[in-house]
Amino acid sequence: MGFGAQVDPCEKCEELLQPYLDRELSDAERAEAELHLDGCSYCRKRYRFEEELRRYVRQAAVEEMTPDLKQKLSELRTSLF
Amino acid sequence: MGETTPEADPKKLAEEARDRVRFEEEALELADQVYRVARRLVSTREEAEDLMQETYSRAFRAWRSFQPGTNLRAWLLRILTNLNIDRGRKQQRSPDLQPLEEGDYYLYNRLEEAGREPNVEQERVDERLSQDDVVAALSAVPHDFRDVVVLVDIGDFSYADAAQILEIPIGTVMSRLHRGRRILKRELADETVGSV
């Protein structure tokens, strides 16, 4: 069963992707999504891609601050005066 | 005896000085993490650097209003996001209310259609999307959505922290995050496969 008879199960699974990865689903919804994922490689591939995408976005978006800025921030300390 | 005012009490003054030094040290230790978020909230490095200096200058002046034991990183980012809005960033009248047809599988489906199906078995998303693609796509997400995506997905803040930082209800955080991520994926698809 899972997801009810009227709904395209992959469509429903797509809707659950973000709350699933954010761990925002109830236990019942989570179990339902996992049951579908166990038997559906179409959705499974897309879930894994999303998970990896999030990791990659986090890594790719990082730009470190320059030592110059770090120094400037440190000089703003009021306790130095 | 007992006539000294709190301001003149040397013991209290010393305690306050110690607290202030500790606050400033802790705030500076968080600067790298605050900057990573700041950098993606604005378009250029110069803007991010100005914003950081303004934020830290204000935080150091207002250190007494920070409640010890609460989340200092969130407190700093609350100052920063408020300053960013005050600085007159380009505001959308109402944030991207056009219907968004694309679902959460959109980017994967577009890559697959273009014969660039991601090899999830090896988990190599970076073979399909470059760092520049990600940066460009993020900056194309409208501000209201980007703020939430950056705080949660890059800053690693909880929904509750993001709600507090941006002073919006948690339900709004969730809906903007959901939509913001979809817009990000649409932008990534346009960047890498071309717009439809």
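Q: How are residues and chains labelled, and which residues count?
A: Residues are numbered from 1 along each chain as its sequence is written, and chains are lettered from A, ligands numbered from 1, in the order in which they are written. In this predicted model, local features need pLDDT of at least 70, side-chain atom pairs count only at pLDDT 80 or more, and totals for chains, interfaces and linings use all residues.

Q: How many helices and strands does chain A have?
A: Helices (H or I, at least four residues) and strands (E, at least two) are DSSP runs, numbered from the N terminus. Chain A has 4 helices and 0 strands. Its pattern along the sequence is α-α-α-α.

Q: Is S43(B) buried or exposed?
A: A residue is buried with 20 or more other C-beta atoms within 10 Å of its own, exposed with 12 or fewer, and partly exposed in between; C-beta atoms are placed from the backbone. S43(B) has 12 such neighbours, so it counts as exposed. S43(B) sits in the loop between α2 (31-41) and α3 (45-61) of chain B. In chain A, 21% of the 81 residues count as buried.

Q: How many residues of chain B are in contact with chain A?
A: Contact means that two C-beta atoms, placed from the backbone, lie within 7 Å. Here 36 residues of chain B are in contact with 29 residues of chain A. On the chain B side, α3(B) gives the most, with 7 residues.
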